[in-house]
Amino acid sequence: MTTTDRLGFTMLDTHTCLELLRGETVGRLAVAIREHPDIFPINFIVDHGGIVFRTAEGTKLAAAVLGRAVAFEVDGVDEDSGEAWSVVLKGPASEIEKMD
């Protein structure tokens with residue numbers, strides 16, 4: 001179900017947001033590094049309602065899993081209607097160990 005806020009923006013439901021994300025491959029991961037924000041472009045997939053991305057050890061991984069929370073954003077435009085959309089997710093990140 002979608003709703004419209006007092007400014008006229010349409011708030012999308014979870015299912016719609018996940019469908020929009022499944023059609024994209026690049027998003028932005030926002031983290032805090034020593035209390036300073038930073039944003040990284042990442043390739044991602046949607047897996048069982050979560051966002052999965054691959055990265056090497058370093059600043060991005062450390063900030064994502066050691067910080068309290070991250071933000072992730074993907075934007076796009078519906079070519080048919082010309083309407084722009086944005087999906088923003090916020091919450092904790094966790095590392096998935098390599099599986100053979």
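These legends accompany close-up views of a predicted model.

**View 1. The largest pocket of the predicted model, seen with its lining residues.**
Let us start with the open space itself: the volume of the largest pocket is about 880 Å³. Its lining is made up of 26 residues. To find the centre, look for Ile 51, Val 52, Phe 53, Ser 94 and Ile 96, the lining residues that lie nearest to it. Sorted by class, the lining of the largest pocket holds 15 nonpolar, 5 polar and 6 charged residues.

**View 2. The second largest pocket and the elements around it.**
Here the space comes to about 490 Å³. The second largest pocket has 16 lining residues, and Thr 10, Leu 12, Ala 84, Trp 85 and Ser 86 are those nearest its centre. Which elements supply at least two residues of this lining? They are β2 (10-11), α1 (14-22) and β8. Strand β8 provides the largest share, with 6 residues. As for residue classes, the lining of the second largest pocket counts 10 nonpolar, 4 polar and 2 charged residues.

**View 3. The aromatic pair of Phe 44 and Phe 72.**
Searching the whole structure turns up 1 aromatic pair. Two values describe such a pair: how far apart the ring centres are and the angle between the planes. For Phe 44 and Phe 72 the centres are 5.0 Å apart and the planes stand at 75 degrees; because an angle over 60 degrees counts as edge-to-face, the pair belongs to that kind. The two partners come from distant parts of the chain, 28 residues apart. Phe 44 sits in the loop between β4 (36-43) and β5 (45-47), while Phe 72 belongs to strand β7. Are these two residues buried or exposed? Both Phe 44 and Phe 72 are buried.

**View 4. Gly 50 in strand β6, shown with Leu 89.**
Our last stop is Gly 50, which you will find in strand β6. Its relative accessibility is 26%, so Gly 50 counts as partly exposed. Now look across to Leu 89: the C-alpha atoms of Gly 50 and Leu 89 are 9.8 Å apart. Along the chain, 39 residues separate Gly 50 from Leu 89.

How values were computed
Residues numbered from 1 in each chain as written. Predicted model: local features only at pLDDT ≥ 70, side-chain atom pairs only at ≥ 80, totals over all residues. Heavy atoms only, no water. 1 Å grid on protein atoms, 1.4 Å probe; cavity = no way out; pocket = protein on both sides within 12 Å on 5 of 7 lines; lining within 4 Å. Points joined across faces, edges and corners; volume = space filled by probe spheres on them. Nonpolar A, V, L, I, M, F, W, Y, C, P; charged D, E, K, R; others polar. Helix = DSSP H or I, 4+ residues; strand = E, 2+ residues; numbered from the N terminus. Phe/Tyr/Trp six-rings, centres within 6.5 Å; stacked < 30°, edge-to-face > 60°. Buried < 20%, exposed > 50% of the residue type's maximum accessible area, 1.4 Å probe, protein only.
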